[in-house]
Amino acid sequence: CAVWPEDDLIVTRLKGDFTGYEQLTVVLKATEGPELSRDEDIPLASAREIIMVASAAQLRKLPLMRLQIRVSGTCNGLERTIGEYGLEHGGAMSR
């Protein structure tokens with residue numbers, strides 16, 4: 001994962017089985033560090049994927065790091081982790 005100078009937005013697509021969940025939460029954090037963002041009540045493009053859009057300017061500020069994305073959801077009143085994803089953030093790139 002890298003951010004280039006001409007990038008405005010970064011789109012991330014997470015595939016999984018989100019069928020039956022009433023509410024999804026996506027948390028982005030450094031593997032060894034604090035929570036960087038939390039998005040709740042995520043709209044689904046389908047029951048099989050989440051599409052997230054982030055500001056390239058914000059991502060350029062992050063150092064080289066491994067990022068963890070955790071997706072949790074509520075189903076029948078119970079919240080549970082649905083999946084965890086990892087990204088190796090390469091930082092701001094130049095050509």
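This is a short walk through the structure, one selection at a time.

**Before you click**

You are looking at a predicted model: local features need pLDDT of at least 70, side-chain atom pairs count only at pLDDT 80 or more, and totals for chains, interfaces and linings use all residues. Residues are numbered from 1 along each chain as its sequence is written, and side-chain values use heavy atoms, with hydrogens and water left out.

**The whole chain**

Start with a cartoon view. The protein chain has one helix and six strands (DSSP runs numbered from the N terminus: H or I of at least four residues for helices, E of at least two for strands). From the N terminus on, their order is β-β-β-β-α-β-β. Along the principal axes, the C-alpha atoms fill a box of roughly 50 × 25 × 15 Å. Now colour by accessibility: of the 95 residues, 28% count as buried (under 20% relative accessible area; exposed is over 50%, partly exposed in between, with a 1.4 Å probe and protein chains only).

**The hairpin**

Next, select strand 5 (65-75) and strand 6 (78-89). The two pair in the antiparallel sense over 11 bridges (strands pair if DSSP finds at least two bridges between them). Look for M65, which stands opposite H89 in strand 6. Then go to the turn, where two residues sit between the strands. Click N76 there: its phi is positive, about 55°, although it is not a glycine. Most residues other than glycine have a negative phi. N76 counts as exposed because its relative accessibility is 69%.

Jump to D41 for another such case, in the loop between strand 3 and strand 4. D41 also has a positive phi of about 55° without being a glycine. With 53% relative accessibility, D41 counts as exposed.

**The cores**

Show side chains for L14, F18, Y21, L24, V26, L28, I42, I50, L67, I69 and V71: these 11 residues are the largest nonpolar core (a set of buried Ala, Val, Leu, Ile, Met, Phe, Trp, Tyr and Cys residues joined through side-chain atoms within 4.5 Å). Strand 2 and strand 5 are the elements that give two or more residues to this core. Apart from it lies another core of five residues, among them I10, A56, L59 and L62.

Back in the 11-residue core, centre on I50. Leaving aside neighbours within four places in sequence, its contacts (heavy atoms within 4.5 Å) include L14, F18, L24, V26, I42 and V71.

**A stop at V27**

Select V27 in strand 2. Is V27 buried or exposed? It is buried, because its relative accessibility is 3%. Beyond neighbours within four places in sequence, V27 is in contact with E35, S37, R38, Q68, I69 and R70.

Finish at the largest pocket, with a volume of about 490 Å³. Of its 23 lining residues, L28, S37, M52, A54 and L59 are the closest to its centre. (On a 1 Å grid over the protein atoms alone, a pocket is an open set of points where a 1.4 Å probe fits, with protein on both sides within 12 Å along at least five of seven lines; lining residues have an atom within 4 Å of a point. Points are joined across faces, edges and corners, and the volume is the space filled by probe spheres set on them.) Which element gives the largest share of the lining? Strand 4 does, with five residues.

Conventions: Grid points are joined across faces, edges and corners, and a volume is the space filled by probe spheres set on the points.
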